[in-house]
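Welcome, and please open the model in your viewer. We will begin with the whole chain and then select one place after another.

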Amino acid sequence: MSSPEVTSFSELALSAPLQKAIKAVGYEQPSPIQAASIPHLLNGDDLLGVAQTGTGKTAAFALPLLNRVDLSQKSPQILVLAPTRELAIQVAEAFQTYASQMKGFHVLPIYGGQDMSGQLRQLKRGVHVVVGTPGRVMDHLRRRSLDLSNLSSLVLDEADEMLRMGFIEDVEWILEHTPSERQVALFSATMPKPIRKVADRYLKHPKEIRIASETATAPHIEQRFLMVNGFERKLDAITRILESDVFDAMIIFVRTKIATGELAEKLEARGYSASALNGDMNQTLRERTINRLKKNQLDIIVATDVAARGIDVTRVSHVLNFDIPYDSEAYVHRIGRTGRAGREGKAILFVAPREKRLLHSIEKATRQKILPMELPSGLEVSSRRIERFNQQLTDTLESQNLDFFYDMLSKYSTEQERSAEEIACALTYLLQKDKPLQFEETPKRKKSREKIGSGHIEDSSKHKTKGERGGSSKRKSIGGSQMTRYRLEVGRNDNVKPGDIVGAISNEADIDGEHIGHIKLYADYSTVDLPEGMPNDLLQLLKKVRVCNRPLKIKPEGGQRPSNEAKKKMPKKNTGKAKASVTEAKTKTKTKTKTKVRKRKANG
Ligand code: AMP
């Protein structure tokens with residue numbers, strides 16, 4: 001971790017409107033990449049940052065660059081290049097959030113597949129920041145609709161992804177068409193040779209920042225991760241875990257102060273004694289909360305990293321990383337809140353599909369594999385509820401004087417000619433009415449459960465429902481290696497490039513770029529190989545997606561074409577052996593895709 005001396009945003013020379021926006025969004029302190037990058041970028045230095053999504057890198061460049069934006073000048077001063085339209089939109093939204101207190105500020109995302117006239121209108125009207133995919137940015141530069149003569153900073157975001165998707169020559173072309181005095185910040189999760197070359201060629205004495213660090217492993221702490229995305233789905237997962245795992249006390253880590261309050265409230269509403277712990281609370285209040293946890297008056301603390309620093313409570317049996325930490329050091333610190341005084345501890349890590357890389361770097365730094373966990377099924381949740389209920393029955397029978405009720409119910413039984421079991425059933429029904437013993441999979445819950453784990457090819461749930469195998473679990477159902485060739489009604493005559501197709505499919509259908517196979521361009525159509533078994537709803541969705549202003553109208557071209565690696569049978573997900581082969585197949589697909597992308601460049 002770099003720049004440990006910067007511990008609060010107020011220490012950074014950011015303008016008042018930016019400080020206000022940071023406060024409003026609830027960030028407590030700069031993440032390591034922010035603490036390290038912001039001073040250099042404020043200084044006007046070029047920067048080479050090795051960091052992945054989830055580390056807070058967007059704010060690491062957006063905040064210092066916004067600091068220098070001149071709102072009265074309406075031509076683009078900052079250009080961010082991103083590999084996908086999804087990331088371009090995300091980054092543009094982040095700029096909008098951080099500039100919320102800067103009146104008259106305009107940011108514009110531009111990407112392929114989007115209507116050109118709207119972009120042209122907006123560019124004409126004047127914008128301060130442009131965030132775009134390389135292909136579309138090139139289009140605008142060629143048409144002279146994007147004027148970069150006043151550009152002061154250029155950011156290459158997820159540079160290795162741009163390389164993987166075959167965009168690197170486009171990126172260099174764009175770099176060549178920017179003023180020579182501009183500042184460049186290059187962010188990449190990895191530093192392959194071609195990216196290093198770009199950095200050597202276009203960056204001037206860059207400051208280099210790396211967020212990975214080697215960290216000590218935590219012994220008697222069992223570590224597991226769960227692929228899950230979004231607040232509601234994470235909340236559903238947490239509820240199942242709390243209900244089925246035997247836990248004593250738990251610390252849940254989130255990223256923002258706002259989230260500590262929100263999540264603690266939701267858990268309280270579900271009957272848990274939970275409380276928030278964050279940097280807004282004064283020292284006394286924080287200590288009181290920790291003491292309540294120590295004394296069994298509280299079972300769950302929802303905390304930010306800062307507030308939970310150094311908590312030493314022996315009864316903490318679980319640490320749950322609701323939001324993935326920025327780096328491995330923070331991870332080790334967090335999970336070290338359990339397994340105290342030689343006890344066993346459990347650490348659970350929620351990982352969103354886009355954060356997979358962060359998970360791998362934690363594994364690398366701690367030199368420990370974190371295994372996927374299975375989300376407790378409805379059946380498991382029910383049986384835990386019944387177990388607890390039975391225990392309550394036994395305890396009550398053993399400890400209470402029940403004579404009054406015995407007489408009352410004996411009389412009822414005789415008068416109504418009802419057996420003791422029948423009466424017990426009715427009473428149990430009444431008792432559990434508000435909190436049913438049977439875990440019912442409501443359609444909403446089921447949908448949410450199906451989404452949990454999607455995108456994670458190694459996640460093996462014992463309790464798969466039919467819906468989980470097909471339906472909306474898109475990435476899971478297309479994760480094999482058998483490929484089908486599809487025809488798209490857009491071709492060379494429409495000026496389409498393979499990158500546009502990869503971008504559109506990966507973004508709209510939520511398919512990892514690495515699962516998109518060979519693309520061939522013809523004059524008025526093209527073909528793409530996609531994993532076999534594309535669910536119909538996904539196909540319908542893709543049909544309407546527009547690339548180069550034309551709907552894809554995707555349809556299977558003919559029969560199935562097994563790809564080379566697909567000669568191996570598509571592995572089932574439930575066994576360890578199968579999991580290994582899925583990973584292997586996936587790696588192969590990845591390598592293959594890389595070569596294909598290169599070939600595609602030649603074709604396109
Ligand atoms: P990024 O790596 O830029 O994709 O950011 C990942 C997530 O971290 C986003 O949801 C940000 O809103 C959040 N984030 C960024 N910086 C901070 C911070 N200093 N404190 C808390 N959350 C942050």
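Predicted model: local features only at pLDDT ≥ 70, side-chain atom pairs only at ≥ 80, totals over all residues.

Residues are numbered from 1 along each chain as its sequence is written, and side-chain values use heavy atoms, with hydrogens and water left out.

Now switch to a cartoon. The protein chain shows 24 helices and 20 strands (DSSP runs numbered from the N terminus: helices are H or I, at least four residues, and strands are E, at least two). Of its 604 residues, 53% are buried (under 20% relative accessible area, with exposed over 50% and partly exposed in between; 1.4 Å probe, protein chains only). Among contacts (heavy atoms within 4.5 Å) with a separation of 6 or more, 75% join residues 24 or more positions apart.

Next, select the ligand. It is surrounded by 13 residues, the closest being Tyr27, Gln34, Gly54, Thr58 and Arg255 (a residue is near if one of its heavy atoms lies within 4 Å). Ligand oxygen atoms lie 3.1 Å from a polar backbone atom of threonine 55 and 3.3 Å from one of lysine 57. At threonine 58, an N or O atom of the side chain is 2.6 Å from a ligand oxygen. Taken alone the ligand exposes 500 Å², and the protein buries 79% of that.

Move on to Leu79, Leu81, Leu156 and Leu186, the residues with the most contacts inside the largest nonpolar core, which has 54 residues (a core is a set of buried Ala, Val, Leu, Ile, Met, Phe, Trp, Tyr and Cys residues joined through side-chain atoms within 4.5 Å). Domain 1 (9-210) and domain 4 (477-602) each supply at least three of its residues (bounds from an automatic or database domain assignment). Another core, apart from this one, has 43 residues, including Ala35, Leu41, Leu66 and Phe187.

Last stop: isoleucine 554, in the loop between strand S19 (550-551) and strand S20 (555-562). Is isoleucine 554 buried or exposed? Isoleucine 554 is buried, at a relative accessible area of 0%. Beyond four places in sequence, its contacts include Tyr486, Leu530 and Leu542.

Note on methods:
Polar contact = N/O pair within 3.5 Å; in protein donor to acceptor, adjacent residues only side chain to side chain. Areas by Shrake-Rupley, 256 points an atom, 1.4 Å probe, with all protein chains shown as cover.
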